[in-house]
Amino acid sequence: MEENYRQTKGRIFNIQKFSIHDGPGIRTIVFLKGCLLRCRWCCNPESQEFGIQTMMENGKPKVVGRDVTVDEVMEEIVKDMPYYRRSGGGVTLSGGESLLQPEFAAALLRACQDYGLHTAIESTACAKWESVEQLLPYLDLYLMDIKHMDSAKHKAFTGQPNERILENARKVAQSHTELIIRTPVIPTFNDTKEEIAGIAAFAKTLPGVRQMHILPYHRLGQDKYTGLGRTYEMAHIEPPSQEHMEELLAAVNAAGLKGQIGG
Ligand code: SF4
């Protein structure tokens, strides 16, 4: 990586501070723009297109996406340094999919590590292995979404098959980066005990993987689809009950993993 890596440019659409999800401690989450998938339930539809968009929000147009350097993002991140230090927190890259901007993501993670911050990405790993590999030296924790073991069903609901994702999961598991598997629980897609147990069984085969998070479907992103002039296809789908999530959690634990509801 070039010595002036902190001038690397990327495209983000949000910086969320004081998060207690997506990694240990208090964190800043940087949302990168662009994703190869089109999950029907995506709660950040404004993340999917790489292009800068206008979205209506509370009746007003809002520009979604801006180009920034690593240095500019770091200026925001370092403001909360005392909170990261006290809580063992750090920075998580989310999206969208960080792997579609590998140079920027790697440079940003490297800058965070230069400050001694814990680094994580929340990613579905649907990208070339070379992109994943670029990030790993600067990454403490990979929160990897595995949504379904059946590639045809995966493609029907997300627009992409799952083979590359599973292959990347196997390779990340061989690295020094901690890997936690995450599965959004989506009724009509993957919410049966068998489907969750299938993902857990795969996760269990990955060396070093001990945890799996199951994240209940919610409809919080619905208004954003309207704001983008799109139709939300999941409006008729009810979130899973707590009781059902507990049953799925039991299936994860039965596979020999430490399960958790939520991230
Ligand atoms: S992978 Fe994540 S960001 Fe991409 S479409 Fe699916 S839910 Fe949205």
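Author: A residue is called buried under 20% relative accessible area, exposed over 50%, and partly exposed in between. This model is predicted, and every value below is computed from it. With a relative accessibility of 30%, Cys43 therefore counts as partly exposed. Cys112, by contrast, has 0% relative accessibility and so counts as buried.

The cysteines also raise the matter of disulfides. A disulfide is a covalent bond between the sulfur atoms of two cysteines. The cut-off applied here is a sulfur pair within 2.5 Å. For Cys43, the closest cysteine sulfur belongs to Cys42 and lies 5.9 Å away, so the two are too far apart for a bond.

The side chain of Gln53 makes a polar contact, at 2.8 Å, with the side chain of Lys33. Once neighbours within four places in sequence are set aside, Gln53 is in contact with Lys33, Glu46, Lys62, Val63, Val64 and Leu228. Strand 4 comprises residues 60-64, and strand 3 pairs with strand 4 in the antiparallel sense over five bridges. Within this pairing, Met56 stands opposite Pro61 of strand 4. Two residues lie between the strands of the hairpin, where Asn58 adopts a positive phi near 50°.

Technical notes. Residues numbered from 1 in each chain as written. Predicted model: local features only at pLDDT ≥ 70, side-chain atom pairs only at ≥ 80, totals over all residues. Heavy atoms only, no water. Buried < 20%, exposed > 50% of the residue type's maximum accessible area, 1.4 Å probe, protein only. Polar contact = N/O pair within 3.5 Å; in protein donor to acceptor, adjacent residues only side chain to side chain. Contact = heavy atoms within 4.5 Å. Pairing = 2+ DSSP bridges. Helix = DSSP H or I, 4+ residues; strand = E, 2+ residues; numbered from the N terminus.
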